Amino acid sequence: MNPIRFFAIALALVIGGSAAAQDKGTLNPKPLPPLANPDDPKLAAKELFGRRTTPADLRPRSIGGYARGCVAGAAAIPVDGENWQVMRLSRNRNWGHPQLIDLLQRFATRLPSVNGWPGLLVGDISQPRGGPMITGHASHQIGLDADIWLTPMPDRRLSRAEREEMSATNMVRDDWLDVDPSRWTPQHTALIRAAAQERGVARIFVNPAIKKALCREAGADRGWLSKVRPTWGHNYHFHIRLACPAGNAGCSDQDPPPGGDGCGAELAAWFTPEMLHPKPGKPRPPLTMAQLPNECRGVLTAPDGP
């Protein structure tokens, strides 16, 4: 795909709604009002999935693609662990396929030996039944995507107010051409390298300026860099994406990333004037239930899980 056209599509998805790490939550979340006609075929699927507050009591399955699907039998990462804390609790997006939840907990536990951080601050994963979100991501729909803040977990428990209102740290310079050297550290490189090397991780998404820093700092071992993909909107956090679990029929993997480390002309294209200062693309209309896999209807209507 032409890189400028690719960027226009990506930007349209970002503009269409962003639950970014710096966007505040609320201390008093209110339930969404009932829908006047939930069976309307023109109704956006996000209105239905956004109103389900518990997982489906079904065997764990990721259904469909990362930006067009749902998740059955989701598990929640506990809001507090010895080496992690979940942020923006009011969003209720700490749900995912059990394999992703296991990976996040395992990775967080070994983080002190990876880069010396006490642990991770965990951002959005998925809704209890996945699916499109009323606000935020185009992906994160099948329980295999997770956002990790580029801010280390403090050595104390954050208050509820801090979890809703504290901002993550912007790692990118104001001109978007490179990382901010006063904020970016070798610990960040070690963090992303270790995440990319985790078994089952298909991609890591970062801001192009962060990819540039990783290319510069990777050293001789560069195999992991192919998984690290540049995209806008990831200057406060990085995004982990798992491949479809083995034997999970109905889950659609992406094609493998291109070969090589992605540090040459492919990366340079992100820093051209056309890419840095584009004309915004037209936002896509919201998905309806008819545009999701048929199995997602069963996930939406299944009894509540534990």
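Are C70 and C296 buried or exposed? In this predicted model, C70 is buried and C296 is buried as well, where buried means under 20% relative accessible area, exposed means over 50%, and partly exposed lies in between, with a 1.4 Å probe and protein chains only. Searching the whole structure gives three disulfides, a disulfide being a pair of cysteine sulfur atoms within 2.5 Å. Residues are numbered from 1 along each chain as its sequence is written, and side-chain values use heavy atoms, with hydrogens and water left out. Because the model is predicted, local features need pLDDT of at least 70 and side-chain atom pairs count only at pLDDT 80 or more, whereas totals for chains, interfaces and linings use all residues.

**Pairing**
- Counting bonded cysteines along the chain, the disulfides of the protein chain follow the pattern 1-6, 2-5, 3-4.

**C70 and C296**
- The sulfur atoms of C70 and C296 are 2.2 Å apart in their disulfide, and this link is left-handed, with -100° about the S-S bond.
- Since C70 lies in strand β2 (residues 68-72) and C296 in helix α9 (residues 295-301), the pair ties together parts 226 residues apart in sequence; helices (H or I, at least four residues) and strands (E, at least two) are DSSP runs numbered from the N terminus.

**C215 and C263**
- C215 and C263 form a disulfide with their sulfur atoms 2.0 Å apart, linking helix α6 (residues 208-217) to the loop between β11 (237-242) and α7 (265-268), 48 residues apart.
- C215 is buried at 11% relative accessible area, while C263, at 23% relative accessibility, counts as partly exposed.

**C244 and C251**
- The disulfide joining C244 to C251 has an S to S distance of 2.1 Å, and both cysteines are buried.
- The torsion about the S-S bond of C244 and C251 is about -75°, so this disulfide is left-handed.
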